[in-house]
Structure formats: C-alpha cells, structure tokens
Amino acid sequence: GQVEPKEEVKPKAPGEGGATGGVVIVAALLPLKLTAVAGGGWAIEWDYTKASAKLRSPKSSFKYVGWPGVAVPEKEQPALRDRLIRDFGCYPVFLEHEVAFAVFDNFCMSILQPVFHHIIELAEEGSESCWHWDRWHDYERVNKLFSDCALTPVLQGGPYSLGDRIWVLDYEMMLVPHYAVRKLPTATVGFSFLSVFPSTEVFRVLPVRIELLCALLCADLISFDLFEYARHFLHCCSRLLGLEHRSVRGLIGVDFNGRRVNVRCGLIGFDVGRTRELCESKEVLELRKQYAEEYAGKTVIVSCDKVDRLSGISLKLTAFEALMRSSSRVWYGKLVLIQLLRRPYINYASTDLLSFQLREVEQIEAMAASINSSFPGSVRLILPDQENPKVRLAYFAIGDVYLNTSIRTGLDWSPFEFVMSSSDKMAPLCVSEFLGCSRVLSGSFSINPWNVDCVVDAVEKALQLSPAERQHRLKRLYQFVANYDIDRWAQSILADIQNARKDDPAAAAAAA
C-alpha cells in the first residue's frame, strides 16, 4: 500500500482520554508502515491503507495494539517498542514471521475468510482452505498475546488505564474478547466486524463454531456493517447456542452467561478529509492530466477490485466483451475498460500475492488478452504492483462510469473514492447488489453480476445519461458520501460500547 505524507498533527500522549477514558484499538496490524533502513534502524510512517489508521483523528486519543507487519530482531525490539509508544501511541506485539504467516495469511485469509464469504473448502486436501488444527491453536495463542498486551497497565508499560474501552477489529481477533474478560472481568470491550458474517448454514461447518461464538459474546457490544450480517449472527446464536435475542429500548441484545450483549449495525464511515486532500494533491492532479491526455476522445469505464475470486472480475470482463460485440459499431475504438487490481486492504506477513491470488491474476490477464485480440486496446489492466491510492484516484477522476461486479464483498471504499474523485461531473456508478455498501449508494445502477444482459443494459444506460439526469440521480449520493465521515461512525460505536456496559446490570455490578 501507498503511504500518504505525514500530518502536522501529532498523536496525543498514550493514556490521554475524555471523561469516559481512553480507547485501546486491537487489530491484526498496527496502522503503520515500517521499513528497515540501511545501516540499522527503522523508518516509520502512518499507513492509511489500513482501516485502523483511518480511525485516527486529532479529536481522538486512540492507543493501538497490533503486529508491526515485519519481523523485528529480538535485540532491536525494546528500542523500537519505546519509539512506537512514544511517537505513535502504538503498542507492538512482536511475532516471528512464520507465526504471523501461519495465523494471518494461512488461517485468516485462506480458511476463515472464504467461509465467511460462503466458500466451503475445509475438507479439500491440498487446498489452502483445508482445515488444520495446528493453525487454530496458533490463532488461539496469538489472540491471547494481543489481549494480554491490550490489558497491560500503563504503570507496567502497557496501554490500559482504568476506564479505557477495548475496541477489537475484525475476524483476525475474534477470541480477544474472551481472553480480555477472563483476565479482567470489569473490562469494557467492543467488537466490530469490518467483513461479512455468514449465514448459519455456512458458519456451522467450522469445527470451532461454538468457541468463536462464545468468545464474541464476551464483548459488551458487537457491531456489523449491515443488518443482514447481524441477522446471520443472531441466528447462529439461536440455532447453535439456544440464545434468543430481544429488543430493549430499541437496542437488540443477546443474554449470555447472566449478562446482556448488545448488537448494532451501521456501515463503516469513509475517510472524507484525507481522500479530498489526496484528490487535490499535486501528484494526483498531474497524474489526472496525464491520463486524460492518454485517453482523450475515449469513453472510460473504470473499476477497482482486490485480487480475489469474490470480486467477480471475470464476470465483468465477460459482460464488457458482450457489450463490445453487441455495440461494436458504436464503441469500437472509443470505449475502454480500465481495471485496477489492488491488494487486500490488509497485507499480512506475505509481501507477495498468495497462490490463489496469483491464479486469479493469470485468469484475468488471459481474459483481457483475449478481448484485446478482438478489440485492440479496449481493456487496460493496472496490476497490484502499479496500483496505489494516487494512481487510483487519478483514474477515477477521468472515469465516465464506475463498474463493480462483486459476487460477495464486505468492506470496499472504492465506490466512495470514485464519488469523491469525479464530483465535478457526477459520473454514474453501476454496482453489484452483492456489494456490502450498495444499499447506501442511492442513484447508482444496481446490477446482478451473474446476469450478463443485466450488466450490459445498466452500463449502456449509465453511458447515455444526460447531464440533467446525472444531476437528478446522483446529487443526493454525492452529498451523502461527502458527509459520511469515518470519525462520526467511530464516535457513535464508542458511545454505544460505553452505554452497553452501563445498561447491563451484571456488568455494572462487576465493575462496582
């Protein structure tokens, strides 16, 4: 991922906080990019490609717990740890490269993520997604290390002060709430899924389904992007644990071990300020001018997806080829699809694409070459090593239509970035109904990516919109995106975490 320039605003000192205490964010990776410097030492910058870094705000005093993203020699760890705490408010959990790869790249990316996205390959020997108990035990050990670090008191060099809230992010850390309340029953813990949550029929295939559910239910509040995902979780609690949910004062909750666990849903916010700043930066403006000259006289369909079989890129290429063949007299030599391929928002221990990602890239390249053989220059691929936030925003700015054909995707900021980048001409969007954020993209064309005719029809309609029709359909969408700030989302969840603890009589009694 590309790192933006450092900001002038310095992070607040660890331990600072408001009336309700500080916030300790526990995520797989620290929101930093560490680069070894020749001759010794480390260059450290904030990395805004990571979700936890986007939560950083001058208004908030967050302390971060996570893996630095690189293997650090043991003799260098004390000095680096002191620097990360002092200058960034980050508390590192140092892991050996092999352990980090086994837990994050193998277990989380290759086993948990496919299941959460409704792909079941746990019994396929030789597959990266085949279940192995040793990987699960590694996952347990790493989650306990992260929990112990988060609850280490300030006086012992840790981040935790009395009254702090522990905010755990995503499926890499699902056991942290369990270890946290086992160590400190009075801890206030919230958990946020930034990915999808599967239906009961899929989740129940996991050999550790009960352990995962019970660990999550140790949190005071669990949040999901969409009500669909929250409903799946509640059904899992009902069918697998026999726990029914009920509503109290408009809040849905589950009673577990004599205490109430609140469940909320709300789409993660968007980093409006930094995206706008980057769009107006000198580098992006220069790239935008260069790309506009390169594609002068052409109509540009632009798209950005992570390298993943769930991104539906092959379906998109199939639909684009069908569009070119059915309307070649209109679009031959005039229409181009620019497909940006990016790495996942989180890169773990592997610096290279994993084997299943490499296979996906090979398939995409083969399909693009086949289309270009019939319609020269109509498909342009931007590979992961060429793609970065500045390149992405510059291409978005010259796009006439944004096209997404995801099969099943949760967190994806690309449509919001496109909206911000092309606000001057209000370019339309065609987005898959299976994209998590499609529910809030009012005015966009909703498509079923499996229906090629549906995709072709939507793209043709989007390309033919008059300026007045664009204004009518998209004005509210552009206003919504410009005001849908991630800081507001974060403060809302943190308030709900605090209120969940206050509203729970059992938790209040334990705290007393």
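Helices (H or I, at least four residues) and strands (E, at least two) are DSSP runs, numbered here from the N terminus. Residues are numbered from 1 along each chain as its sequence is written. This is a predicted model, in which local features need pLDDT of at least 70 and side-chain atom pairs count only at pLDDT 80 or more, while totals for chains, interfaces and linings use all residues, and side-chain values use heavy atoms, with hydrogens and water left out.

Select Met 174 to begin, in the loop between strand 6 (165-169) and helix 5 (176-183). Met 174 is buried, at 0% relative accessibility, where buried means under 20% relative accessible area with a 1.4 Å probe and protein chains only. Now show what it touches, taking contact as heavy atoms within 4.5 Å: leaving aside neighbours within four places in sequence, the partners of Met 174 include Leu 112, Phe 116, Tyr 139 and Leu 216.

Next, select helix 7 (residues 209-216) together with helix 8 (residues 227-241). In helix 7, Arg 209, Ile 210, Leu 213, Cys 214 and Leu 216 meet Phe 233, Cys 236, Cys 237, Leu 240 and Leu 241 in helix 8.

Finally, colour the cysteines: the structure holds zero disulfides, a disulfide being a pair of cysteine sulfur atoms within 2.5 Å. The sulfur of Cys 218 has its closest cysteine sulfur in Cys 214, at 7.5 Å, which is too far for a bond. Cys 218 is buried at 12% relative accessibility, and Cys 149 is likewise buried, with a relative accessible area of 12%.

Methods:
Buried means under 20% relative accessible area, exposed over 50%, partly exposed in between (1.4 Å probe, protein chains only). Axes are lines fitted to C-alpha atoms, for helices over the stretch in contact, and angles run from 0 to 180 degrees between N-to-C directions.
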